[in-house]
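I opened my notebook to look up a few places in this structure, one entry at a time. Come along and check each one against the view.

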Amino acid sequence: MHKVILVLVDGLRLDTAIAEMGFLEGAVRSGKARRWTMRAELPSLSRPLYETLHTGLPPQVHGVVSNDIVRPSSRDNLFSIASKTGLRTAAAAYSWFSELYNGVPYDPVMDRECDDASHPIQHGRFYTEDAMPDVELMRTGDMLARRFQPDYLLIHPMGCDDMGHRFGGASAAYRRAAAEMDNLLSLAIPGWRDAGYQVLVTSDHGMNADGRHGGATDDCTLVPFYRFGGEVGGVADGEVSQTAVAPTVLSLMGLPIPEAMTSSPIL
Ligand SMILES: [Zn+2]
């Protein structure tokens with residue numbers, strides 16, 4: 001049974017991660033981490049895929065098929081399962097996570113900080129601005145890790161997605177956002193590993209050269225999935241589905257996997 005930190009780097013393409021994220025790729029080459037190629041579900045949009053990552057279900061099954069469907073999750077999900085089991089959950093994440101797991105409507109003033117053990121996300125720190133600097137968000141996530149030692153912690157930086165929308169997925173600004181994210185991860189992950197965490201790094205979707213995502217092309221749907229904490233490093237062959245992330249986290253935490261989650265854990 002492990003504690004897990006999932007870093008969801010919003011809008012991070014697989015090829016950009018491989019090209020720009022030298023800390024992550026160095027860990028893969030040295031055997032400290034393993035990388036899988038992950039295929040995002042469709043539509044390759046944030047809100048549908050936040051729900052997919054946390055329920056193990058494709059959008060066509062969980063029903064959140066648009067960013068404009070604003071309602072709480074109706075499915076078993078990582079936060080509800082862990083919280084009901086008596087484990088501690090936390091998230092430093094975009095406000096859509098508060099809407100999905102702690103309820104609607106989201107009040108940007110009163111709901112931005114949550115410390116309430118009766119909520120699926122027990123310790124939440126939420127933001128609404130896409131331009132939220134990644135360095136601030138990562139520090140908030142690290143604070144949650146150190147202050148509360150959650151069993152499941154989601155850390156969700158938006159910088160890559162924001163730069164991708166503004167300048168396109170083939171831009172220098174987008175690549176720089178990935179490189180800066182890599183640096184922030186290099187400062188945080190060793191301490192989390194020392195604290196006993198399994199650390200997973202992935203994304204919801206990629207980004208095309210036009211600065212959009214949503215469709216089925218590789219630039220929008222291929223994302224990396226890194227694991228720090230396994231015994232095997234290097235690069236895994238083939239592709240894994242995004243619906244495997246939730247059962248993977250549950251399996252690492254030693255929790256039962258609901259029948260509705262039909263994908264096998266990746267590990
Ligand atoms: Zn986006």
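**Entry 1: two prolines.** I began at Pro43, which sits in the loop between strand 2 (33–39) and helix 3 (46–55). For these labels, helices (H or I, at least four residues) and strands (E, at least two) are DSSP runs, numbered from the N terminus. The peptide bond from Leu42 to Pro43 is cis, and its omega is near -5°. I then looked up Pro105, in the loop between helix 6 (95–102) and strand 4 (113–115). There I noted a cis peptide bond between Val104 and Pro105, with omega about -5°.

**A note on the model.** I am reading a predicted model, where local features need pLDDT of at least 70 and side-chain atom pairs count only at pLDDT 80 or more, while totals for chains, interfaces and linings use all residues. Residues are numbered from 1 along each chain as its sequence is written, and side-chain values use heavy atoms, with hydrogens and water left out.

**Entry 2: helix 6.** How many residues of helix 6 are buried? I found 8 of its 8 buried, so the helix is mostly covered. Buried here means under 20% relative accessible area, exposed means over 50%, and partly exposed lies in between (1.4 Å probe, protein chains only). Among the buried residues are Trp96, Phe97, Glu99 and Tyr101. Gly103 follows helix 6 and has a positive phi, near 120°.

**Entry 3: another positive phi.** Gln149 is not a glycine, yet its phi is positive, about 45°. I located Gln149 in the loop between helix 7 (134–148) and strand 6. Gln149 is partly exposed, with a relative accessible area of 40%.

**Entry 4: strand 3 and its partners.** Strand 3 (residues 89–94) is mostly covered, with 6 of its 6 residues buried. Which strands pair with it? Strand 6 (residues 152–155) runs parallel to strand 3 and is joined to it by 4 bridges. Strand 5 (residues 123–127) also pairs with strand 3 in the parallel sense, over 5 bridges. Pairing requires that DSSP finds at least two bridges between two strands. I used Ala91 as my landmark: Ala91 stands opposite Leu154 in strand 6 and opposite Gly124 in strand 5.

**Entry 5: the zinc ion.** Which residues supply its protein donors? They are Asp161 (OD), Asp161 (OD), His165 (NE2) and His213 (NE2), at 2.1 to 2.5 Å from the ion. Donors are N, O and S atoms within 2.8 Å of the metal (3.2 Å for Na, K and Ca); water is not among the atoms, so sites may look incomplete. Along the chain the donors follow the spacing D-x3-H-x47-H. Asp161 and His165 both lie in helix 8 (residues 159–167), 4 residues apart, about one turn of the helix. An α-helix has 3.6 residues a turn, so residues three or four places apart point the same way. Asp161 is buried, with a relative accessible area of 4%, whereas His165 is partly exposed at 35%.

**Entry 6: Arg227.** I found Arg227 in strand 8 (residues 222–228).
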